[in-house]
Amino acid sequence: MPLSIDEISAIREILGREPTKVEAYMFEAQWSEHCSYKSSKHYLRLLPTKGKDVIIGPGRDAPAVKVFNNYAVVFKIESHNHPSAVDPYNGASTGVGGIVRDILTLGAKPIALLDLLFLGEPNDSYANWLIRGVVKGISDYGNRIGVPVVAGMTWFDKSYNTYPLVNVACVGVVELSKLLNNTPKAGDLIVIVGNSTGRDGVLGSSFASKPLEDDSNNIAAVQVGNPLIEKLLIDALNDAVSKGCVKYIKDLGGGGLTTAVSEITAEYELGAVVELNSLHVREDDMRPEEIIVSESQERMLIVTSKEQLQGLISVLEMYDLQYSVIGYLDSSKVIRIYYRGELVAEVPSSELARPQIKLWDVEVPEEHSSLSKELSVPKVTNFKDALLKLISSPNVASKEWVYSQYDYEVGVRTVVKPGYGDAAVLRLIEVDTYSGIAVKGDGNPRYTSIDPFRGAANAVGECFRNLVSVGSTPIAIVDELNAGNPEKPEKYWYFTQMVKGVSWMAQELNIPVVGGKVSFYNEDLSNATEVKPVTTIVGVGVINDIRKSQTLNLKHVGNYVLVVGVTYPELGGGELLYRYFSIEAGEVPLPRPSTELLNGSYVRRLIDFGYAASVHDVSLGGIAVALTEMCIKGRKGVYVDLKNVPERGCELQDLLFSETQGRYVVEVRREVLNKALEVAHDLGVHVGVLGVVSSGDILFRYSNVDVLEADVDELHEAYENALSKSIEG
Amino acid sequence: MIKFPGTNADLDVVWVLRNVVSLDASVVWFKEFKGKSYDAIVLPGGFSYGDWLRAGAIAARSKVIDEVIDASSNGVPILGICNGFQILTEAGLLPGALITNDSGKFLCKWVKVRVKRPRGPWLKLAYDDMTVDMPIAHGEGRYYIDSEVEHSPVIKYYGHNPNGSLFDIAGIASNDGLVMGLMPHPERAAEPELVPTGYTAGGLVVWRSLATSLKEGW
């Protein structure tokens with residue numbers, strides 16, 4: 001978004017004069033929504049960011065959380081929505097590049113990527129092109145840099161037909177003694193490393209801070225990636241950090257050089273002197289204002305002392321990476337930019353990094369009360385038909401078409417792989433052979449578009465459950481809030497409600513939100529489509545022994561299947577209503593934090609004690625879908641009596657398809673059923689013995705009446721092939 | 001392990017050699033490689049030079065490959081995995097070529113392969129028709145050759161050919177088995193913790209064969 005009149009007069013006041021052209025560009029970049037968080041800062045203060053293991057919270061390029069005493073997990077999420085709408089391949093791939101560099105800034109080694117994709121309907125030809133481009137962009141970039149894409153989520157909805165949401169997250173690990181947490185000092189040198197600076201992505205952050213219009217003019221604002229340079233940056237920086245020749249690193253991301261320099265100087269109350277002519281550029285005739293805001297990819301700013309410089313240079317030269325020493329930090333608290341010896345900008349650093357906070361008006365949109373009110377739900381006439389429809393819904397069906405394009409094995413860490421469990425499990429071989437972490441990302445745009453508070457809170461809850469299901473203890477989350485134009489009160493309302501939902505739920509679950517990102521202006525003006533707002537949550541959990549981690553496929557005929565948690569009639573906003581009745585409304589399931597905590601601790605105990613043989617959380621499509629997925633993945637049948645589901649006020653279709661939060665399905669080894677039930681009794685957890693794993697069909701009964709019988713092979717076929725069929729035609 | 005710009009599975013192979021079969025192993029940057037100092041050479045997977053031009057094409061024309069060819073003529077076992085296999089075919093050390101998968105897409109998946117006519121340092125402990133599970137992860141893994149391989153050791157996709165390789169070929173070795181190329185990744189299938197339900201740690205046979213061969217010959 002270009003600067004407002006108020007902002008322009010504020011700049012005049014700060015400088016006491018008219019800004020130079022270079023200064024105007026710098027303010028536009030740095031004060032863009034994307035870089036400054038001016039419309040979100042006020043609300044983001046609500047998030048609980050502290051915890052006993054949080055070493056670095058929000059504020060730096062990435063946060064860090066302590067694991068296994070001597071290590072830190074560094075992880076962060078980012079959106080690349082605007083660029084992906086214009087150029088899906090380059091938009092998505094540079095999103096991956098950017099988030100990986102954020103992890104590098106703390107000296108960490110990137111070990112996993114996650115992608116959270118909100119895509120259009122595969123049978124829409126334009127949406128189909130976007131889907132292929134986004135996935136190929138992530139695939140080509142992620143594979144080439146050798147960081148496995150291990151988890152995430154993919155959602156398909158008409159509202160993303162011309163405008164996808166592309167959120168990517170990266171997880172890194174670093175020994176605490178190597179974590180780059182130094183303070184830059186006056187006299188330190190500023191070195192720019194990596195790709196040369198070109199005209200791509202000039203004012204890209206400003207482009208991302210307004211709605212998407214007719215896109216013919218936007219293509220220059222999209223950056224183009226070079227994964228080979230990124231891979232060299234990863235290797236070289238890991239090397240340089242372990243050799244101790246780096247003091248501080250910053251990514252040149254949104255806002256380019258302007259943002260990197262202004263944030264460092266503002267944070268540490270320093271000034272800087274920069275000579276733009278020293279920088280390696282792609283084209284000789286680049287003007288200073290282009291250089292200072294270019295968002296060319298694969299560039300990083302390194303702060304190093306004069307003594308460390310030679311060591312750094314020898315590492316960079318070994319990897320054939322280009323670099324330029326462009327200036328130094330001083331104590332003036334003023335950023336002075338020179339171009340060919342001439343002073344072209346002189347800005348107080350604290351002012352550049354401190355835009356005016358925007359508090360937009362908030363108005364509850366009219367449709368909210370009608371959408372989210374309680375529905376009288378129509379009756380499902382054919383349960384098997386409903387189950388088949390759900391299992392083959394692109395939102396539920398196997399995402400193998402997506403994840404098989406990613407090298408999820410590189411790194412020899414991926415213990416629980418895509419498609420096998422509720423979260424990915426990675427071993428941390430730098431700690432020891434069996435220590436590990438779980439990672440997962442979640443979001444539900446149908447929930448958040450109907451009820452943003454509950455929807456966002458439920459995303460936190462679902463991420464928590466997914467991490468628990470594989471046997472980990474959740475330790476921290478990051479969030480990405482994808483919303484519309486904040487200047488429209490009824491759009492801004494969604495944002496404020498989503499922040500509040502995340503904040504409340506995280507606080508209740510006692511899990512810190514250590515970082516995140518906000519993406520506004522997700523609207524496509526050329527199409528007048530509503531882009532559904534969504535909150536995505538990426539979480540990390542720790543696992544002491546990866547050999548105990550759980551997958552979701554049923555293991556042995558004769559084992560018992562338990563349902564953990566009480567089921568309520570909560571079909572509102574659910575997959576059944578959407579797929580079977582084409583209804584996208586109703587009361588979204590209530591977030592139930594205390595139940596999440598209690599049931600989560602029970603499931604973790606079943607896993608720790610060795611009672612569980614497989615675990616799956618209950619989410620889209622309820623118990624019926626959860627159990628069916630377990631059968632499909634394990635190539636087993638199940639014999640279920642729905643009468644044993646702990647419930648309040650449910651009809652048959654609620655027992656099968658309700659999306660009540662806080663529930664799990666657990667396969668328990670036959671000989672330990674009573675022990676498992678005793679633990680539940682001791683903790684006060686509601687558990688029902690649903691049935692027994694069989695070698696036959698999936699059979700749901702209620703007392704003596706058959707409710708639903710289906711052949712596992714038929715469901716398998718539908719589940720495994722639905723998505724690739726709908727994309728490939 | 002020879003590391004080119006863009007090689008990304010170097011440390012994975014080192015991990016397995018050191019921790020699973022207790023061999024000493026190190027990563028050597030391609031500019032610093034001297035062939036005479038090593039008992040065996042692995043060209044690990046990744047995207048050397050970003051796969052520009054064709055997978056493996058640029059690395060195959062770098063000076064270090066002359067050293068590798070020298071080493072092979074001196075009887076040093078050489079294994080190329082994935083991108084390493086692509087480099088070996090580009091360099092002419094192994095026959096055939098690897099072209100884009102018939103799906104046109106990158107594919108990461110666990111597969112079953114069968115070993116035919118095993119011999120040499122990399123397959124010493126394998127037996128004929130042994131079924132081995134390993135994951136593949138490549139975009140250019142479709143093996144192309146004029147006629148069926150009659151004499152050298154080969155490794156063939158078993159049950160399902162994932163990329164349209166001719167004669168189902170997933171890997172091939174020189175006649176004496178000294179130089180071998182594999183599209184599947186044996187280093188990713190060498191520890192039980194990393195093996196998904198329904199598969200076994202098939203890659204182990206390659207690393208155990210090497211460890212035994214280096215001690216006892218082959």
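Reader: What makes the crossing of H6(A) and H7(A) right-handed?

Author: In this predicted model, H6(A) passes H7(A) in a right-handed crossing. The axes of H6 (residues 88-104) and H7 (residues 125-145) of chain A make an angle of about 35° and lie 7 Å apart.

Reader: Which residues of H6(A) and H7(A) meet?

Author: On the H6(A) side they include Tyr89(A), Val96(A) and Val100(A). Among those in H7(A) are Leu130(A), Lys136(A), Asp140(A) and Ile145(A). The contact has 10 nonpolar, 7 polar and 2 charged residues. Lys and Asp count as charged, therefore Lys136(A) and Asp140(A) belong to that class.

Reader: Why are E7(A) and E11(A) said to pair?

Author: Pairing takes at least two bridges. E7 (residues 189-194) and E11 (residues 323-330) of chain A have 5 bridges, so they pair, in the antiparallel sense. Val191(A) has Val325(A) in E11(A) as its bridge partner.

Reader: What makes E8(A) and E13(A) edge strands?

Author: The open sheet has 7 strands in the order E8-E10-E7-E11-E9-E12-E13, with mixed pairing. E8 (248-251) and E13 (342-348) of chain A each pair on one side only. From one strand to the next, the twist averages 20°.

Reader: Which helix lies across E8, E9, E10 and E12 of chain A?

Author: That is H10 (residues 256-267) of chain A, which runs at about 155° to E9(A).

Terms used: Residues are numbered from 1 along each chain as its sequence is written. Chains are lettered from A and ligands numbered from 1 in the order in which they are written. This is a predicted model: local features need pLDDT of at least 70, side-chain atom pairs count only at pLDDT 80 or more; totals for chains, interfaces and linings use all residues. Axes are lines fitted to C-alpha atoms, for helices over the stretch in contact, and angles run from 0 to 180 degrees between N-to-C directions. Helices (H or I, at least four residues) and strands (E, at least two) are DSSP runs, numbered from the N terminus. A crossing is left-handed if the near helix is turned anticlockwise from the far one by less than a right angle, and right-handed if clockwise. Two residues are in contact if their C-beta atoms, placed from the backbone, lie within 7 Å.
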